[in-house]
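Subject: Structure handover

Hello,

Here is the structure you were going to look at. Please open it first, then read my notes below.

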Amino acid sequence: MSVTASESTVDPAAGPAERPGTFAARGPWTLGADRELAWQHRIDLRRAVARRRVPELTEPGRFPPGPRVLRVARKLALAVLGWRLFGRRRGRAASRADLAHRLRRAADSLGPTYIKLGQIISSGEGIFPPELVAEFRKCRDQVPAEPFDVVERVVREELGCPVSEVFAELDRVPLAAASIAQVHRAVLREGPDGARGPVEVVVKVQRPSVARLVVEDLRAMSWLAPFLVGRIPVASLANPPALVEVFAQTIVEELDFRLEAQNMLDVAESFDRLGQTSFVVPRPHPELVTRRLLVMERLSGFDFDAVDDITAAGIDTHQLVRSGMIGFLEGAMMHGVFHGDLHGGNLFVQRDGKTALLDFGIVGRLSEPRRVAFLRLLMSSTMNDVRGQLAAIRDLGALPPDTDLEAVIAELGLDAPPIDPTTLSRDELVAEVNRVVKALLGYGARMPKELMLFAKNMVFLDAAIANLAPDVDLLAEITHLAMYFAQTHGAEIAAALGVDPGSYRVDLSAVKGSFGVDDTVDALTYRQLQERRQLIRKRLSRRH
């Protein structure tokens, strides 16, 4: 959830030394480096317990969880029926927009799990129809809010005292509302450790029934998923039971705001250790964090898509995009931790050009073996090393450990020149995609959580380039990124991968092929890439 607000009230009193982190230079409190925060007690155990719930929640039961399955079926059936009766006969774009609107309203009424699915769809530019993406963007911060008396009750239960004892003000109207929680502006009566107030903050409050509904929905999805394998077009593109498992891994940790507060500290510390100065993470309150309540520092800035306001403030949008790409990749590659839900509602640009990151409910965490595999994947991609990329994907958990990589390369033709999509008809392109997907599923392919989050973030960054820097040379940027990591972290990367640092060479042949251009092209702006994509869509439409 994003909050565009005024600067935080600053406590002028000098506090204890603050733990390492990428925070605003001054804040309403410090996070002492010499003591465990109240809500950090047994935090690693809490995370482990949340993860251990996933197999239980995704184990298909012998019998369907009746009431919830029936309600879901009824809502979706009514949405499709309404579209068939009133929207289907409109023009093609209007018809799809009508169906998208009805599906989004059904998701809203079905609650947090389906709203969260809508949020994932909203980040799928280029994957889902544009009308569906545009409609489901409303699931980010236009979800119906809980009544204020419900919010007040949750806050009171979590604090264990009347709301007025802690907050001098708590706005009745939320700043934003999403699937798991909503956020309200508030003013503390006093700062931490009795420091004089008032202190303006943001309060994130969990919806009271969300934990129960998520459990019910995951069990319903897990029961239905095996029946969807190969039966509907969407399901044929992936392994539905595996997708449900990944979705469960993503959402169960969001239900405990203590884990989110720790995510904020961990990402901030990672940026600090990397010397990253282009980002700001809001400070969580040292005491006012519970399972369903998160009080945090309030920051300010421009909406991330407010290009005119950003440029008018003298901020270099090209540098903004470049810093975002480096920061996202660097945390994952070097420390195995990264913000897992980048979208325009979760970040904004401050007047000093720094990017403020919000909503840390979803964070990617790579174990050391998977971090090394992620390193190998990215470095192999810039070296056009197909076998290295496939081995990395296997080690990330996307393929079974005993997969015959040479057989996969041969069957999928990965060592052949890339196919130019402009030379294929729509039916040929679909057939080629289905062939690749069917072959991968035959090898036991699946989408690990971290790889899914990475891919989703890359889709967002792709859109950010289109919005903020459409004339940037993509090939030059990829080369710059590769050389940045080679120069800044080359020795560490080489040691982790067991390679000679001097053997690294950038080869963009495969990258150019993925863009649909030949190896003679030396420069390609995002604007030119978009024109090429539109040309491909137009040709496919004509042939269809």
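Is Phe460 buried or exposed? Phe460 is buried. Its relative accessible area is 11%, and buried means under 20%. Keep in mind that this is a predicted model.

Aromatic pairs

The structure holds 6 aromatic pairs. One of them joins Phe304 and Phe460. The ring centres are 5.8 Å apart. The planes meet at 40°, so this pair is tilted.

Now take Phe328 and Phe454. Their ring centres lie 5.6 Å apart. The planes are at 20°, so the pair is stacked. The cut-off here is planes under 30 degrees apart. Phe328 belongs to helix 13 (residues 317-335), while Phe454 belongs to helix 18. The pair therefore ties together parts that are 126 residues apart in sequence. Phe328 is buried, at 5% relative accessibility. Phe454 is buried as well, at 12%.

Phe328 and Phe454 also belong to one aromatic cluster. Phe338 and Phe374 complete that cluster.

A charge over a ring

Which residue lies over the face of Phe257? Lys204 does, at 5.2 Å from the ring centre.

Positive phi

Most residues other than glycine have a negative phi. Two residues here are worth checking against that.

Start with Arg42. Its phi is near 60°, a positive value, and Arg42 is not a glycine. Arg42 lies in the segment before helix 1 (43-57). Its relative accessible area is 52%. Exposed means over 50%, so Arg42 counts as exposed.

Then go to Asn384. Where is Asn384 found? It is in the loop between helix 14 (368-382) and helix 15 (386-395). Asn384 has a positive phi of about 55°, although it is not a glycine. Its relative accessible area is 28%, so Asn384 is partly exposed.

Best wishes

Key:
Residues are numbered from 1 along each chain as its sequence is written. This is a predicted model: local features need pLDDT of at least 70, side-chain atom pairs count only at pLDDT 80 or more; totals for chains, interfaces and linings use all residues. Side-chain values use heavy atoms; hydrogens and water are left out. Helices (H or I, at least four residues) and strands (E, at least two) are DSSP runs, numbered from the N terminus. Buried means under 20% relative accessible area, exposed over 50%, partly exposed in between (1.4 Å probe, protein chains only). Rings of Phe, Tyr and Trp (its six-membered ring) pair if their centres lie within 6.5 Å; planes under 30 degrees apart count as stacked, over 60 as edge-to-face and the rest as tilted. A charge sits over a ring if NZ of Lys or CZ of Arg is within 6 Å of the ring centre and within 35 degrees of the ring normal.
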